[in-house]
Amino acid sequence: MFGTELQLTLLLLIPGFGALVIAFVPSRKIHLLRGTSLFFTSLTFLYSLLFFTHFDPGAETMQFVQKVPWLNVGVLHIHYHVGMDGISLFLVILTTFLMPLTILASWGIEKKVRPYMFFMLLLEVGMIGVFVSLDLILFYIFWEITLIPMYFLIGVWGGKRRVYAAVKFFIYTMAGSLLMLAAILTLYFFNEAQNFDLVEITQRLSLNQIILPFPVELLLFLAFFLAFAVKVPIFPFHTWLPDAHVEAPTAASVILAGVMLKMGTYGLLRFCLPMFPSASAALAPAISLLAIVGIIYGALVALVQTDVKKLVAYSSVSHMGFVVLGIFAFNLQSIEGATFQMLSHGLSTGALFLLVGMLYDRRHTHLIQDFGGLAHVMPRLAAFFMFIMLSSIGLPGLNGFVGEFLILQGTFLEHAGRAAFAASGIVLSAIYMLWVYQRVFMGAVQNDQNRTLTDLNFRETVILVPIVLLVVWMGLHPSTFLRRMDTSVQKVVDRIEQVREPQIYRVEYRGH
Amino acid sequence: MISATHYLTLAAILFAIGTVGVITRRNVITMFMCVELMLNAVNLTFITFSRFLDQIDGQIFVLFVMTVAAAEAAVGLALIVVLSRHTGTLDVDQANTMKW
Amino acid sequence: MTLIVFYGLAATAVTAAILVVLMSRVVYSALALIVCFGATAGLFFQLGAQFIAAVQVIVYAGAIMVLFLFVIMLLDPASEVFLPSRLKRVPVFALACAVLFTLVLLEAADRWAAAQVFTDSIAGTERSSGPGGEIETLAHSLFRDYLLPFEVTSILILVAVLGAVVLTRQHHETE
Amino acid sequence: MVLEHFWILILFPLVGAAMNGILGRRFPHPVIAWLSCSTVALSFLVALLSFYNFIRLPEDQRILTHHLFTWIQSGNFISEFSFLLDPLSMVMILVVTGVGFLIHIYSLGYMAGQSGYYRYFAYLNLFIFMMSVLVLADNYLLMFVGWEGVGLCSYLLIGYSFEKRTAGDAAKKAFILNRIGDVGFLIGVFLIFRTFESVQYLTVFQAVSEQFAVMGTEFGVLGAITLLLFIGATGKSAQIPLYVWLPDAMEGPTPVSALIHAATMVTAGVYMIARSAPLYSRAPETLFIIAVVGISTALLAALIATVQRDIKKVLAYSTISQLGYMFLAMGVGAFGAGVFHLLTHAFFKALLFLGSGSVIMALHHEQDLFKMGGLRKYLPVTFYTMWMGALAIAGVPLFSGFFSKDAILWKTFAAGNEALWLMGVVVAGLTAFYVSRLMFLTFHGGERSEKHHQGAPDPSPKEPSWSVTLPLIILAGFSLLAGYIGLPSYLGNNRLEEFLAPSFRFQFSGQAASAMEHAHLTEVILTLVTLAVAFLGFALAYHFYIKNPQVAERLANRFPWLYSLLRRKFFLDEIYDWLIVGPVQRISRTILWKGMDVHVIDGLVHGTASLMQAWSHRVKRIQSGYARLYATWILGGALLILFYYYWISP
């Protein structure tokens, strides 16, 4: 099994093994704990870069595939089946990239460091597992694995109302995913081949070897959609996000916003669209409406928040609204834009939460009115915050713009009205971000607690600099990412086109 | 000419009386005796069926029922003794602390 | 003739049972219970289960009721003054249930009879051959088919005895 | 040789901005200043050299493109980082780098003692970089990068002294209003791609000239595209609906106002329309809208400018009004005249702003006109140079303003909309009035500045250093001479029009070459009419503010409501706040956040939870602790089962 070529399983094992090692490190030695977890997460990141270099953009099928029969209980055949393609490659690298930075950012955690690090590494295993697993049950297992550590991270190391927030987060996601489990099982019964292999099921569905009557397909789609809608979050299911973010410690917040929201949109792209195309096409208008409402609603509510973290949480509701809009516009530009926006949102919102966390470490408050005129006191933090803010409101030349532009442009090709409405989201995002920047950083320093704050130290700068470089790289040279997504996104688009007559503005991918 | 129904009706009546006794009487010992009465009614049914179906198993079951009844009586009465010592009364309704 | 004997025994059993329930003094209800057991033993005898009738008299009437009387004497419940209990509606419900119960059992007995499941009526004939035949078959099946339950019940008795001793003894220490 | 690598002129300011931005804190002030000035000087030099070679090129080869790298490429959408140099962008880049260089020199003196010195010069360099990207871009998307980039730099520079709350607000307001315009622009770009499958200028203009050969197609796609792009232009170039940010942008340092809010950024909208002339010339409805919006903005701004007290606010409204003129020119299809006015306006408006900067500096940051006066003898150089600028803007013959403004008025009249011409003349009169009012109040009459009376250590305001006066003199020279490159037809050939011709070759020239083109006589008469009106304005201002100053007060009291209306800028800001900003905040706080999120959705969630609890309280009653009750329940259960078996199941 351990041939020369790259092992996805190894990518999962390194953090897992790290978690085990952490368990044996004596809890008194905090620095050793931090060191080992940093070591393992960085090792995973380096290893994931190998996948980036060895990735063949032209390949039609999944790459680095490993398939081993795992649970053969009577009639159930569950395989350990992992693989990667254009879409999941970058999400994995985003996860492995953010993890070391969040570990580095958790120097503020003093109590119970060992379980904290253990959960972080377990979380990483879960997240990578979600993005690489191609077997429905394996996906579901990893989906649940990510839930438990996040529950403890919020519940133990969180703020005042942490238990409420953790429980709300857990129940919201769990309720959604139970429906998904039911859908997986019903799908299993419709599938004579008696297995849960995603690739095979999609294959058989497209060749009509598995015949799903439309109402059944609709129900299955809704079940999957609900599980992912809670995670994304899409408009009506989003109320857990602000609470979870406000109460979560910095690192958990970064991971929650940076990666876990993408599990929802990734799920939509990997499971809902390919497996139930006609249902997705039928429900696309309704979902796009929800997305647009989410964009505008998220932005408007963010406008009036008094708590910075809640503001950033609502802003990610708005940004993820863009991603969903892109996915359900079903053409190459918009889906590639959506995938790209997932990456750029992960970076910019992750960085925003890191910065807010740094503010929290110094002032132990998130309320905007406690700050004011910090640019005098902390010029470097103000500069970084300005830069990340610009990337998040989509200033051209930075990463946010490329994603949003492609989404809106792709959606415009299909439905001009939708794109025009969603475009107002860009204005609103500028308004609330600039307003919060002005209230926190500009003006004179009134609160004298702010006068004695220290600027960014070396560790914090080391966290932020890679993100800034990556933001500029994604902004100026997005083709490194877009080129690798083309084939896999084109496959999803073709799958949808099978059930839908091609639109007037047929956006064809000229392979080169 | 006596048929099985005679015996079964008698057993039913005895059983019913036993049940009424268990539910209405508040004295623990009386309740306990009524339980014994119900058991006895059941034995009667067993013997009737053993007799009319011509199978011996009925009687064996009665034996087992009796042993169980004996064991139950021993432990039951010990509990009653402990109960009365502990709560000072034999009234079942007083011992209602184990509730929501 | 056997009919008369049956009705006699049945009447005594039922009245004894009613007395058990109605007597205010516990001792009298204990004695009524003994009478009831005796009547049922007679019925067993009539049904041809002589051994069971004997065991009934020995075990039930003899051992268990003696134990009851022993405990009654120990605790002297007569002096008990019962406070009005909060449960008012329970007796009415119980009576109604009892009546329903008997109706249902009767219905069941009729169905069994209608199904002619039974071989024949008692008609006073001795079924098996000579004295001891019935006990012989009983012994055979008890010690061959049901040996395991037999052993298990012996353990059960042992446990019961130990339980009773432990429960009451522990009490002594705390005295 | 330099010509092939014209695009390096963009890199210099970027390098300067990066160096100053990141390492600036450690550099001493002179190093920062000279670093940034030298980078802009270099790019100006490269621009000049490439202009020198550019002219020597024959007419048809005056289009150079340089491809750097592919930016976004997804499906058949391609947008590259590639630059285009043609006459139009040549003119613009010369203005941007030229005026930019002068303003950098000016800033050396003006910003001498300020804190955060490196930040200022870093942002200024970044602005030059962004503006050059905007001007030299060869596709709409790259132009949009520059477009938002300059918006960002104006946000940074207006909010430069961010301790002042008003500066922060003004910066935010500027960026948001620009953003609103930019969304319109963006949707325009989407529509362009949807219709022409590409965003490159050349391919789009080629396609337009083939597909839409005939004039007067119904409003259709072209109309929508041009209108959307115009919305972007109104945001950036401060026209009617979205102009309210420019007067507040005066919070920024004066050189910034001169560079960004007078010479370069605000002209981006005009440049964009000139660049997409082929599209606009085929959308007559939009052109008419542009003309109307332009002239009404000009009129409105001129009116407000006549009563402003703050010297920079007067100049800000004058910029808006002059931009209105440029849009009027675009609206009547005279793209050349519009660009010509843009050119001359850049010079004399920058001059006026820088002059007012030196006045403010001399009076220790006093900006109220009515607290100035009699500075003639203290600031001679500023006095003379500002008068040159004032005469140019008023349209006095021999000065550049005269030629460019009259070219526009003549083209408007020639294009047959006499009403717009008339309004144009009125605006010319008003311009003359408020400019001369400004000059009289600052330089002539009695000295009214309190600082002067408080006996400050050095009471008499003195002329600032050479770095301030030198740019003034150079700009004065340009405002005098710039006019001669665009002589009206009856005086000589219009060299600027000829130079710009290749950029407008795709333009739909199907308009009937109006017979009036060569009616020199009427043109001269009309020019004389405008001159008369301008002189009237001049005389009125003289009468009001020099001869008998109290006349202005009496007039103001006689029409108090009119005066306050103008004084409070037609209450537009208040209307915007009351109509849009206030309700949005109230709605989103009460209805959306508290209402929807907290009550409805969370209400539902908590509702189900409390329902569960209520029911479990009821059900728990069964465990009552009474053994006999349990016996009864058991009996009841047994009965049910028996009942079921004997009566229901067969």
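# Chains B, C and D of a predicted model

Chain B contains 3 helices and 0 strands, where helices (H or I, at least four residues) and strands (E, at least two) are DSSP runs numbered from the N terminus. This is a predicted model, in which local features need pLDDT of at least 70, side-chain atom pairs count only at pLDDT 80 or more, and totals for chains, interfaces and linings use all residues. Residues are numbered from 1 along each chain as its sequence is written, while chains are lettered from A and ligands numbered from 1 in the order in which they are written.

Read along its sequence, chain B has the pattern α-α-α. Its C-alpha atoms fill a box of roughly 50 × 25 × 25 Å along the principal axes. The radius of gyration of chain B is 17 Å, whereas a compact globule of 100 residues would have one near 13 Å; the radius is taken over C-alpha atoms, and the globule rule is 2.2 Å times the number of residues to the power 0.38. Of the 100 residues of chain B, 63% count as buried. A residue is buried if 20 or more other C-beta atoms lie within 10 Å of its own, exposed if 12 or fewer, and partly exposed in between, with C-beta atoms placed from the backbone.

One residue of chain B shows how the count works. B:Leu79 is in helix α3 of chain B, and it counts as partly exposed because it has 16 C-beta neighbours inside 10 Å. Between B:Leu79 and B:Ala69 there are 10 residues in sequence and 15 Å in space, C-alpha to C-alpha.

Contacts give another view of the chain. Two residues are in contact if their C-beta atoms, placed from the backbone, lie within 7 Å. In chain B, 48% of the contacts with a separation of 6 or more are between residues 24 or more positions apart.

Next come the contacts between chains. There are 4 pairs of chains that touch, and the pair with the most contacts is B and C. In this pair, 66 residues of chain B are in contact with 77 residues of chain C. On the chain B side, α1 (4-24), α2 (28-52) and α3 (57-87) each supply at least two residues. The largest share, 23 residues, comes from α3(B). By class, the side of chain B that touches chain C has 41 nonpolar, 16 polar and 9 charged residues. Here Ala, Val, Leu, Ile, Met, Phe, Trp, Tyr, Cys and Pro count as nonpolar, Asp, Glu, Lys and Arg as charged, and the others, Gly among them, as polar.

Chain C also touches chain D, with 9 residues of chain D in contact with 10 residues of chain C. The chain D side has 6 nonpolar, 2 polar and 1 charged. Chain A does not touch chain B, and the nearest C-alpha atoms of these two chains are 26 Å apart. Chain A does not touch chain C either, the nearest C-alpha atoms there being 36 Å apart.

Within chain C, consider a pair of helices. Two packed helices are described by the angle between their axes and the distance between the axes. Axes are lines fitted to C-alpha atoms, for helices over the stretch in contact, and angles run from 0 to 180 degrees between N-to-C directions. The axes of α2 (residues 26-46) and α3 (residues 50-75) of chain C come within 8 Å and cross at roughly 175 degrees. The two helices α2(C) and α3(C) are therefore roughly antiparallel; angles under 35 degrees count as roughly parallel, over 145 as roughly antiparallel, 65 to 115 as roughly perpendicular and the rest as oblique. Among the residues that meet are C:Leu33, C:Phe37 and C:Phe44 in α2(C) and C:Val57, C:Tyr60 and C:Phe68 in α3(C). The contact of α2(C) with α3(C) has 18 nonpolar, 4 polar and no charged residues.

Chain D has 26 helices and 2 strands. Its C-alpha trace spans about 120 × 70 × 55 Å along the principal axes, and 55% of its 650 residues count as buried. Residues 24 or more positions apart account for 81% of the chain D contacts with a separation of 6 or more.

Helices α3 (residues 87-110) and α15 (residues 335-362) of chain D pack at an angle of about 5 degrees, with axes 11 Å apart. That angle makes α3(D) roughly parallel to α15(D). The contact includes D:Val95 and D:Tyr106 of α3(D) and D:Ala346 and D:Leu354 of α15(D). Its residues divide into 13 nonpolar, 1 polar and no charged. Elsewhere in chain D, helix α11 (residues 268-275) is mostly covered, with 8 of its 8 residues buried. Among these buried residues are D:Tyr271 and D:Arg275.
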